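Biologist: I'd like to learn how to read a model like this one. Can we go through it feature by feature?
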Amino acid sequence: MIQLAEPSATSLVESLDKAIAKRRNCQLLSPDGAHDWVRKTYTWQNVAERTEIVYDKISAATEVTLADRLHRYNKCGLVAGKIFIFIAALNYLLLILCNWISPVQNIDLAIDCRKLRRLKTGGVNLEQSS
């Protein structure tokens, strides 16, 4: 059974209610029917485009400083906030250790595929230009 929902609490509850009602009324898709629906709905191109949209949104977001992040964690509760701060500080120390072991300057950067796509859609053959 597959029931899609928007990433909000209201939509998740509504989708869950629909799924429970389908289960109670024996209106579920067979496993083969569900597989066919997923195969027709999602293609590799479709999934890649959706993933690119998510990455673009993340890269456009402003970066939160460590101090702001710790301040936000502190608002999560008297005990939980302190645990979150401890975990975040431990994570930060691990990041510093990893950066010491393998400095960022020594890591190769990935190619920006958006530039390649613009070249490709502009009529340039990428295989000949590289």
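Modeller: In the protein, helix α5 has the highest mean, at 95, while helix α7 (residues 126-129) has the lowest, at 46. Over residues 124-130 the pLDDT is below 50, and beyond near neighbours in sequence this stretch has 5 contacts in the model, a contact being heavy atoms within 4.5 Å. Where pLDDT is low, the predicted coordinates should not be read in detail.

Biologist: What is the average pLDDT of the protein?
Modeller: The average is 84, and 88% of the residues score at least 70. This is a predicted model, so local features need pLDDT of at least 70 and side-chain atom pairs count only at pLDDT 80 or more, while totals for chains, interfaces and linings use all residues. Residues are numbered from 1 along each chain as its sequence is written, and side-chain values use heavy atoms, with hydrogens and water left out.

Biologist: How many helices and strands does the protein have?
Modeller: Helices (H or I, at least four residues) and strands (E, at least two) are DSSP runs, numbered from the N terminus. Here there are 7 helices and 0 strands, so the pattern along the sequence reads α-α-α-α-α-α-α.

Biologist: What share of the residues is buried?
Modeller: Buried means under 20% relative accessible area, exposed over 50%, and partly exposed in between (1.4 Å probe, protein chains only). Buried residues make up 5% of the 130 residues in the protein. The accessible surface, from the Shrake-Rupley method with a 1.4 Å probe where, for residues, only the protein chains shown count as cover, comes to about 11,800 Å². Carbon and sulfur atoms account for 62% of that surface.

Biologist: Is S15 buried or exposed?
Modeller: S15 sits in helix α1 and counts as buried because its relative accessible area is 9%. Leaving aside residues up to four places away in sequence, S15 touches Q3, L4 and A5. Its side chain reaches the backbone oxygen of L4 at 2.9 Å.

Biologist: Which residue has a positive phi although it is not a glycine?
Modeller: Most residues other than glycine have a negative phi. C26 has a positive phi of about 55°. You'll find C26 in the loop between α1 (9-24) and α2 (31-41), and C26 is exposed, with a relative accessible area of 70%.

Biologist: Where is the salt bridge, and which residues form it?
Modeller: Side chains of opposite charge can pair when their charged atoms come close. The rule asks for a side-chain nitrogen of Lys or Arg within 4 Å of a carboxyl oxygen of Asp or Glu, and by it the count is 1 salt bridge. D36 pairs with R39, the closest N and O atoms being 3.1 Å apart. Both lie in helix α2, 3 residues apart, about one turn of the helix. D36 is partly exposed at 30% relative accessible area, and R39 is partly exposed at 49%.

Biologist: Which residues make the nonpolar surface patch?
Modeller: Patches are made of residues with over 30% relative accessible area and no salt bridge: like charges are joined within 9 Å, nonpolar side chains (Val, Leu, Ile, Met, Phe, Trp, Tyr) within 5 Å. This patch covers about 1,200 Å², and its members include L66, F84, I87 and Y92. The largest share, 9 residues, comes from α5. Y92 lies in that helix (residues 80-101) and is partly exposed at 38% relative accessibility. Y92 and L66 are 26 residues apart in sequence but 8.7 Å apart in space, C-alpha to C-alpha.

Methods:
pLDDT = per-residue confidence, 0-100. Polar contact = N/O pair within 3.5 Å; in protein donor to acceptor, adjacent residues only side chain to side chain.
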